[in-house]
Amino acid sequence: MNEQATQALAQFLAGAAGASAVQIREMRLLSGGAIQENWLLDAEINGGPHAGTLAAVVRCDSPSEVSVSHGRPQEYALLRTAFDAGVTVPEPLWLCEDREVIGRPFFVMRRIGGTAAAHLMVKDGRYGGDRRQLAERLGAELARIHSIRPPQQSLDFLPWYEEAPALHQVRKFRDYLDGQHTPHPTLEWGLCWLERHAPPRDEITLVHGDFRTGNYMADEQGLTGVLDWEFAGWSDPLQDIGWFCAKCWRFGRNDQEAGGVGSRDDFYRGYETVSGKPINRDLVRYWEVMAHMNWAVISIQQAQRHISGEEESLLLALTAHITPELELEILNMTEND
Amino acid sequence: MRDQPTGAELLAAAQKVMRERILAILPADRKHEALMIANAMSIAARQLEQGEAPERAELQALAGLCELTPVEAGNPQALHAALVEANRELASAIRAGAAAPGQTQRGAILAHLRQVARQRVLESNPKYLKA
């Protein structure tokens, strides 16, 4: 971000925070992908209700603006709704849709501490604090996300549908596979199983869509925030529970069935304490098969982004080679019925 | 005749240098990339060692399952095209219900899919099969 953009940002912040002036102390790029960029922002706010030191992150579209996930205004609305429902997320502060300020839409959120790195979270007991507490806490956070029910005016951009959520996903995956040059017979096998065993439409809630280790931050005391809301939508809440517990998201720690960091019992207890309702254990297994299917389809999509030249990346290229083990897992889970 | 060591052997040697000598001197935030490079080299080396044999076996098994006339796939492009064609055939048969419980072909299709997935995991991540 150049000097001019930084000045414009300071002015915007002063207006948004009702301050007499804002001095930007530090501004640097934390991470940038094809979709969005995160900038660290340290500022001093003079006057107004936010007076004092501001430690924040500025999240904006990347200059190339590949639009595959929710845009910044949608992401801001999701964070705001989750924050208001009591979910631990980085507090969203101000949204700016005016491209005149820094050239692209952005929002400012409070900075949280800790790490999100999954390989550290599952191997290094320092992060996330006590394992039992962490698993319970994650369950409780997820139950709070699922307390958000339709209709929500602030989330009216999320697509609505009348089908059973499981069948809705089966149809989406088939549509995607039909557009691909390469056929995937094992995924077709899995999709037939998912169609045969699909639970009927029941309660619909907001689902995070990518609630797993790697997508929340924790420090040595415990969880600091749930991140990565770009796959959020309306669905069966068991979708998130299956995704979190699926074998493919345990990062090698198969003994820790809740996200590679804790036990299912602790995770379920945390969830049920907040939701006040028992989790249907039998149906979780269905959604774990769905999780493997979903990840397999995403792995193919990510590989395509590399192959097509849209985003050249060794990480995306290697993701294609996760598909075989996901397929093997799908076969193991569906061979009997 | 090509010179020794073979491409697969070169990859194995290069990978050893990467893991044993380069990795240790990289700053912490770049080690992950070096590990990805080593992983990519391992997959490529295992595919080179296996050659075309697994894909030829897959094509032959598919021809039996889908009652296709075995095609002459002399060069790698023809082999790939024939595999895409036969797998498309199998994929649409499965979607149409050919592998549903009670169908006569269910067992044979499952055994075939498992064999093909296992073979690919042997190349992509053999450790997974031992876990």
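Analyst: Start with helix 7 of chain A, whose buried residues are Pro185(A), Thr186(A), Leu187(A), Glu188(A), Trp189(A), Gly190(A), Leu191(A), Trp193(A) and Leu194(A). Buried means 20 or more other C-beta atoms within 10 Å of a residue's own, exposed means 12 or fewer, and partly exposed is in between, with C-beta atoms placed from the backbone. Helices (H or I, at least four residues) and strands (E, at least two) are DSSP runs, numbered from the N terminus.

User: Where do the numbering and the model come from?

Analyst: Residues are numbered from 1 along each chain as its sequence is written, and chains are lettered from A and ligands numbered from 1 in the order in which they are written. The model is predicted, so local features need pLDDT of at least 70 and side-chain atom pairs count only at pLDDT 80 or more, while totals for chains, interfaces and linings use all residues.

User: Back to helix 7 of chain A: what do its buried residues pack against?

Analyst: In chain A, they pack against helix 6 (165-178), helix 10 and helix 12 (323-334). Helix 4 and helix 5 of chain B also pack against them. Nine of the 12 residues of helix 7 of chain A are buried, so this helix is largely enclosed by the rest of the structure.

User: How far apart are the end C-alpha atoms of helix 7 of chain A?

Analyst: They are 17 Å apart, which agrees with the 16 Å that 12 residues should span at 1.5 Å a residue. The expected span is 1.5 Å times one less than the number of residues.

User: Which residues touch the most other members of the largest nonpolar core?

Analyst: Leu194(A), Met290(A) and Met293(A), in a core of 98 residues. Helix 10 (residues 281-307) of chain A provides the largest share, 10 residues. A nonpolar core here is a set of buried Ala, Val, Leu, Ile, Met, Phe, Trp, Tyr and Cys residues joined through C-beta atoms within 7 Å.

User: And what does Met290(A) touch?

Analyst: Leaving out residues up to four places away in sequence, Met290(A) touches Ala166(A), Gln169(A), Leu194(A), Gln239(A) and Gly242(A). Contact means C-beta atoms, placed from the backbone, within 7 Å.

User: Switching to the interface: how many residues of chain B are in contact with chain A?

Analyst: 24 residues of chain B, against 19 residues of chain A. Helix 5 of chain B gives the most to that side, eight residues. The side of chain B divides into 15 nonpolar, four polar and five charged residues. Ala, Val, Leu, Ile, Met, Phe, Trp, Tyr, Cys and Pro count as nonpolar, Asp, Glu, Lys and Arg as charged, and the others, Gly among them, as polar.

User: Why does Pro76(B) count as exposed?

Analyst: Because Pro76(B) has 10 C-beta neighbours inside 10 Å. Pro76(B) is in helix 4 (residues 76-95) of chain B.

User: How is chain A divided?

Analyst: Into domain 1 (3-110) and domain 2 (118-334), with bounds from an automatic or database domain assignment. Their C-alpha centres are separated by 28 Å, and 17 residues of domain 1 of chain A are in contact with 16 residues of domain 2 of chain A.

User: How about chain B?

Analyst: Chain B has domain 1 (7-50) and domain 2 (53-130), with C-alpha centres 30 Å apart. Four residues of domain 1 of chain B are in contact with four residues of domain 2 of chain B.

Key
Two residues are in contact if their C-beta atoms, placed from the backbone, lie within 7 Å.
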